[in-house]
Amino acid sequence: MAADAPTRFGSERPTAGAPPRAARDVDEDAAVELLGEHDELDLHDAAVGGRVEETLQALENELVGLEPVKTRVREIGALLLVDRARQQFGLASSRPTLHMSFTGGPGTGKTTVAQRMAQMLHALGYIRSPKVYTVTRDDLVGQFIGHTAPKTKEAIARAAGGILFIDEAYYLFRPENERDYGQEVIEILLTEMESERTNLVVIFAGYEDRMETFFSANPGLSSRVPHHIAFDDYTHEELVRIADLMIAKENFVFDDHGRAAFSEYLSLRMREPRFSNARSVRNAIERCRLRQAKRLVELEHPLTRDDLVTLTAADVHGSSLFQTGVGDGPTDYEGA
């Protein structure tokens, strides 16, 4: 191209006749434009860059804390934006490997980040659809010889063009059982992750210690997963903020005593078994709403709007944690 006046991203340019990577043909907006040697490209003004920033901002608004996670996601986004810019200038390079591992306890935002990651990868043209197909061992491992391969390949086919999210992935590896079919799933994934790397992103998720064992026992798998992102448990302060966001989204509010009571509840609940971070907060709020509804129905006067939206200390203190100092059973551990 002639070295005429610089052209910024978004001006009228012919799109490359054939996309350099199979997964690039997502839509017209994500198609890669060819620029000349002396052209200019502003990543921040680009339409694609804007959609990526919107996705990252949504992640920031949705998740409290998790700063290391957000930083890593932004780094991946920046890498792919620059990779896309290099393509526009005709600078050939290999496609970044995007398979990932999310490690952390339950309720720490792994699924939410996977969903936002899918939106970002789709906006950049790395996957055809912003979908996340979630599976567990039961969705992949068969019960008899010849059953595992079809199940696994069906799951991969359903996730094709998007993200395959394998929750509690460590259950695929059971070294104590030589006849377990989980190893067959891993072997199929190893093949597909390499051969379909332009059409599929795989995210393995689970508890950190178990995932370390899982990857250490499968060096071939570990080498195909360059992005390992750790999700820490939330602090007490962060959980209170999460509760505020959750009830605001549902058009509720704690009164002053109610919020103090819920903060006290969290201090007790965090010490109990099977605590699940934001998931336990959501369950606890649902129980508060049940107790509020019962309280309001038993009132002997008409209700105001404030009555309907306010959660009080009484709605929180009905939890069995305040009655005995400990939950009564599995149900109570999930937010009584």
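Predicted model: local features only at pLDDT ≥ 70, side-chain atom pairs only at ≥ 80, totals over all residues.
Biologist: How is H2 oriented relative to H3?
Modeller: The axes of H2 and H3 come within 11 Å and cross at roughly 15°. Angles under 35 degrees count as roughly parallel. The crossing angle therefore makes H2, relative to H3, roughly parallel.

Biologist: Which residues of H3 make the contact with H2?
Modeller: H2 passes H3 in a right-handed crossing. From H2, the contact draws on Val 69, Val 73, Ile 76, Gly 77 and Leu 80. Its partners on H3 are Val 113, Met 117, Met 120 and Leu 121.

Biologist: How many charged residues does the contact of H2 with H3 have?
Modeller: By class, eight residues of this contact are nonpolar and one is polar. The number of charged residues in the contact of H2 with H3 is none.

Biologist: Which residues line the second largest cavity?
Modeller: Helix H1 (47-62) and helix H2 (67-88) each supply at least two residues of its lining. By class, this lining has three nonpolar, no polar and three charged residues. The lining residues are Leu 56, Leu 59, Glu 60, Lys 70, Val 73 and Arg 74.

Biologist: Why are H9 and H10 described as oblique to each other?
Modeller: The axes of H9 and H10 come within 10 Å. Angles under 35 degrees, over 145 or from 65 to 115 fall in other classes, and the rest count as oblique. H9 and H10 are therefore oblique to each other, given a crossing angle of roughly 130°.

Biologist: Which residues of H10 make the contact with H9?
Modeller: H9 passes H10 in a right-handed crossing. On the H9 side, the contact is made by His 236, Leu 239, Val 240, Ala 243 and Asp 244. By class, the contact has five nonpolar, three polar and two charged residues. The residues on the H10 side are Arg 259, Phe 262, Ser 263, Leu 266 and Ser 267.

Biologist: Which residues of H11 make the contact with H10?
Modeller: The axes of helix H10 (residues 256-269) and helix H11 (residues 278-297) come within 12 Å and cross at roughly 130°. This angle makes H10 oblique to H11. H10 contributes Phe 262, Tyr 265, Leu 266 and Arg 269 to the contact. H11 contributes Ser 280, Val 281, Ala 284, Ile 285 and Cys 288.

Biologist: How many nonpolar residues does the contact of H10 with H11 have?
Modeller: H10 passes H11 in a right-handed crossing. One residue of the contact is polar and one is charged. The number that are nonpolar is seven.

Biologist: Which element gives the largest share of the lining of the largest pocket?
Modeller: The largest pocket has a volume of about 820 Å³. Of its 32 lining residues, those closest to the centre are Leu 63, Thr 112, Met 246, Ala 278 and Arg 282. Two or more lining residues come from each of H1, helix H3 (110-123), helix H9 (236-249) and H11. The largest share, six residues, comes from H11.

Biologist: How many charged residues are in the lining of the largest pocket?
Modeller: By class, the lining of the largest pocket includes 13 nonpolar and nine polar residues. The number of charged residues in this lining is ten.

Technical notes: Residues numbered from 1 in each chain as written. Heavy atoms only, no water. Axes fitted to C-alpha atoms, helices over the stretch in contact; angles between N-to-C directions. Helix = DSSP H or I, 4+ residues; strand = E, 2+ residues; numbered from the N terminus. Left-handed = near helix turned anticlockwise from the far one by under 90°. Contact = heavy atoms within 4.5 Å. Nonpolar A, V, L, I, M, F, W, Y, C, P; charged D, E, K, R; others polar. 1 Å grid on protein atoms, 1.4 Å probe; cavity = no way out; pocket = protein on both sides within 12 Å on 5 of 7 lines; lining within 4 Å. Points joined across faces, edges and corners; volume = space filled by probe spheres on them.
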